Amino acid sequence: MILTRNDIIFLTIYYTLAITLSSLIVYKIRCPFHKLCHLPPANKMRWQTVSTTFLLHLFMIPIAFAVMPFYDSYRNETEMVIIISFSLGVFLAVLYTIWYLVHHKLYAGLDLTIILLLTMYLNIPLHRIEISEELYFKSWLNASFITYLCFMMVAYAVLGIMGLCMEIFPNSLELLKEMWNGDEKKERR
C-alpha cells in the first residue's frame, strides 16, 4: 500500500479548496443566519476557526490509518472500522466542544460546525466517483465522513441541551449570551 504523490497532491488541493470555499460561504452568510435564528450578533469571524478546520482534517489521517488493519481481505469495512472511527470522531468532537465552551466562544463553534457541514457536502463527490481503489483512500473517506457526522451529532446535542436549559432555567439566557461572545470583553480593551 503506497501513497502516490498524485493522490496526496489531489487530496490536498481538493480539501484546501473545499475548506476555503466553505469558509467563504460561512463568512458571507453568518450574519443573516444569526439574525434568522434570533441569535445575538457575533464578533468577527475568527480565522483560527478556518485553521482549526484544517487541523481537524490532519487529525483524520491518524484515524484513517488506525482503521486500516480492520478491513477484511476483500477491502470491505467491518463493524470494527465503524466503531473505531466513530469513537475517535466523537472524542475529537467532544474535545473541540469543551474548548469552545471553556473559552466562551460559542459563535466560533457554530462557525466551525457550518464550515464542516458544507465541507461534508463537498466531500460527497469523492464518495460517488471511484478515484482510487487503494485501501488508504477508502479508509480516509470512511474516517472523514464518520468524523463529520460525529461533529454534527455533538453540535446538535449541544444546541438541544442549550435550548432545553433556556426552557427550564429562564436565567440561563444571560449565561448563554455571555458564552456566545465571551471574548467580547477582551476585544474592547
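Here are some notes on this predicted model, point by point.

1. **Ground rules.** The model is predicted, so local features are described where pLDDT is at least 70 and side-chain atom pairs count only at pLDDT 80 or more, while totals for chains, interfaces and linings use all residues. Residues are numbered from 1 along each chain as its sequence is written, and side-chain values use heavy atoms, with hydrogens and water left out.

2. **The overall picture.** You're looking at a protein with 7 helices and 0 strands. Read from the N terminus, its elements go α-α-α-α-α-α-α. (Helices are DSSP runs of H or I with at least four residues, strands are E runs of at least two, and both are numbered from the N terminus.) Along the principal axes, the C-alpha atoms fill a box of roughly 55 × 30 × 30 Å.

3. The protein has 189 residues, and 40% of them count as buried. Buried means under 20% relative accessible area, exposed means over 50%, and partly exposed is in between, using a 1.4 Å probe and protein chains only. As for contacts (heavy atoms within 4.5 Å), take those with a separation of 6 or more: residues 24 or more positions apart account for 82% of them.

4. **α1 beside α5.** Helix α1 (residues 5-36) and helix α5 (residues 135-168) have axes that come within 12 Å and cross at roughly 20 degrees. These axes are lines fitted to C-alpha atoms, for helices over the stretch in contact, and the angles run from 0 to 180 degrees between N-to-C directions. The two helices are therefore roughly parallel to each other. For the labels, under 35 degrees is roughly parallel, over 145 is roughly antiparallel, 65 to 115 is roughly perpendicular, and the rest is oblique. On the α1 side, D7, L11 and Y15 make the contact, and on the α5 side it's Y136, F137, W140, S144 and Y148. Sorted by type, that's 6 nonpolar, 1 polar and 1 charged. (Ala, Val, Leu, Ile, Met, Phe, Trp, Tyr, Cys and Pro count as nonpolar, Asp, Glu, Lys and Arg as charged, and the others, Gly among them, as polar.)

5. **α2 against α3.** How do helix α2 and helix α3 (residues 79-102) pack? Their axes are 10 Å apart, at an angle of about 155 degrees. That makes α2 roughly antiparallel to α3, and the crossing is right-handed. From α2, the contact uses T49, T52, L55, L56, F59, I63, A66 and V67; from α3, it uses V81, I84, S85, L88, G89, L92, Y96 and Y100. By type, this contact has 12 nonpolar residues, 4 polar and no charged.

6. **A closer look at I63.** This residue belongs to helix α2 (residues 47-67). I63 counts as buried because its relative accessibility is 4%. Leaving out residues up to four places away in sequence, I63 touches S85, L88, G89, L92, A143 and T147. For a sense of scale, I63 and T53 are 10 residues apart in sequence and 16 Å apart in space, going C-alpha to C-alpha.

7. **The salt bridge.** The structure holds 1 salt bridge, meaning a side-chain nitrogen of Lys or Arg within 4 Å of a carboxyl oxygen of Asp or Glu. The side chains involved are those of D111 and R30, at 2.9 Å from N to O. D111 sits in helix α4 (residues 106-128) and R30 in helix α1, so the pair ties together parts that are 81 residues apart in sequence. Are D111 and R30 buried or exposed? Both are buried, and R30 has a relative accessible area of 5%. Apart from residues up to four places away in sequence, R30 touches A42, N43, K44, M45, Y107 and D111.

8. **S23, also in α1.** Check S23, another residue found in helix α1. S23 is buried, with a relative accessible area of 2%. Not counting residues up to four places away in sequence, S23 touches M45, V50 and I115.

9. **α4 across α6.** The axes of α4 and helix α6 (residues 172-180) come within 6 Å and cross at roughly 65 degrees. The two are therefore roughly perpendicular to each other. L106, Y107 and L110 of α4 meet L176, M179 and W180 of α6 here. The residues of this contact divide into 6 nonpolar, no polar and no charged.

Conventions. Left-handed = near helix turned anticlockwise from the far one by under 90°.
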